[in-house]
Amino acid sequence: MSLDPAIAARLKRTGDGLVPAIVQQYDTGEVLMLAWMDDEALHRTLTTGRATYWSRSRGSYWVKGDTSGHVQHVKSVALDCDGDTILLKVDQVGAACHTGDRTCFDADELAVNPK
């Protein structure tokens with residue numbers, strides 16, 4: 001099986017066939033991480049309920065939590081208005097970040113100094 005052609009037709013991919021996926025905790029709205037998906041990763045996510053991504057560094061698919069135990073149970077998936085970003089709302093078990101932090105966005109907040 002492959003990704004529904006109607007969904008695939010809506011996606012706007014990078015030159016290497018990927019779409020960024022923003023991952024958010026479904027009940028709090030907390031932004032957990034950003035990952036990359038191709039058609040197959042999105043198909044696997046939609047059909048298994050487990051977040052599956054394409055690892056650019058490893059050149060392979062990975063199901064979040066298969067090695068770490070920090071599983072993402074997918075609650076919903078949406079495309080943005082342009083079809084160039086995917087939003088996954090998940091129930092995160094444990095840390096979302098590979099560093100062991102809850103979110104990839106809590107370690108280095110930048111100062112905003114409007115003039």
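Colleague: How many bridges join β5 to strand β6, and which way do they run?
Modeller: Seven bridges join β5 to β6 (residues 86-92), and the two run antiparallel. Helices (H or I, at least four residues) and strands (E, at least two) are DSSP runs, numbered from the N terminus. Two strands pair if DSSP finds at least two bridges between them.

Colleague: What should I know about the source?
Modeller: This is a predicted model: local features need pLDDT of at least 70, side-chain atom pairs count only at pLDDT 80 or more, and totals for chains, interfaces and linings use all residues. Residues are numbered from 1 along each chain as its sequence is written, and side-chain values use heavy atoms, with hydrogens and water left out.

Colleague: OK, back to β6. Which residue there is the bridge partner of Q72?
Modeller: Q92.

Colleague: And what is the strand order in the open sheet?
Modeller: β2-β1-β6-β5, four strands with mixed pairing. The edge strands are β2 (31-37) and β5 (72-79), each pairing on one side only. On average, neighbouring strands of this sheet are turned by 25 degrees against each other, direction ignored. Axes here are lines fitted to C-alpha atoms, for helices over the stretch in contact, and angles run from 0 to 180 degrees between N-to-C directions.

Colleague: Which strands does helix α2 lie across?
Modeller: β2, β5 and β6. Helix α2 covers residues 39-48 and runs at about 120 degrees to β5.

Colleague: Which residues of α2 are buried?
Modeller: A41, L42, H43 and T45. Buried means under 20% relative accessible area, exposed over 50%, partly exposed in between (1.4 Å probe, protein chains only). Those buried residues pack against α1 (5-10), β2, β3, β4, β5 and β6. Contact means heavy atoms within 4.5 Å.

Colleague: What caps the N-terminal end of α2?
Modeller: D38 does, with a side-chain oxygen 3.2 Å from the backbone nitrogen of E40. A polar contact is a pair of N or O atoms within 3.5 Å; within protein, one must be able to donate a hydrogen and the other to accept it, and residues adjacent in sequence count only if both atoms are side-chain atoms. After α2 comes G49, with a positive phi near 80 degrees.

Colleague: New topic. How do β3 and β4 pair?
Modeller: Antiparallel, over four bridges, with β3 at residues 52-55 and β4 at residues 60-63. Their hairpin has four residues between the strands, and G59 takes a positive phi near 70 degrees there. W54 in turn stands opposite Y61 in β4.

Colleague: How many aromatic pairs does the structure hold?
Modeller: Two. Rings of Phe, Tyr and Trp (its six-membered ring) pair if their centres lie within 6.5 Å; planes under 30 degrees apart count as stacked, over 60 as edge-to-face and the rest as tilted. Y53 and W62 have ring centres 5.0 Å apart and planes at 50 degrees, so that pair is tilted. W54 and Y61 form an edge-to-face pair, 4.8 Å centre to centre, with 75 degrees between the planes.

Colleague: Y53, buried or exposed?
Modeller: Buried, at 0% relative accessibility. W62 is partly exposed at 23%.
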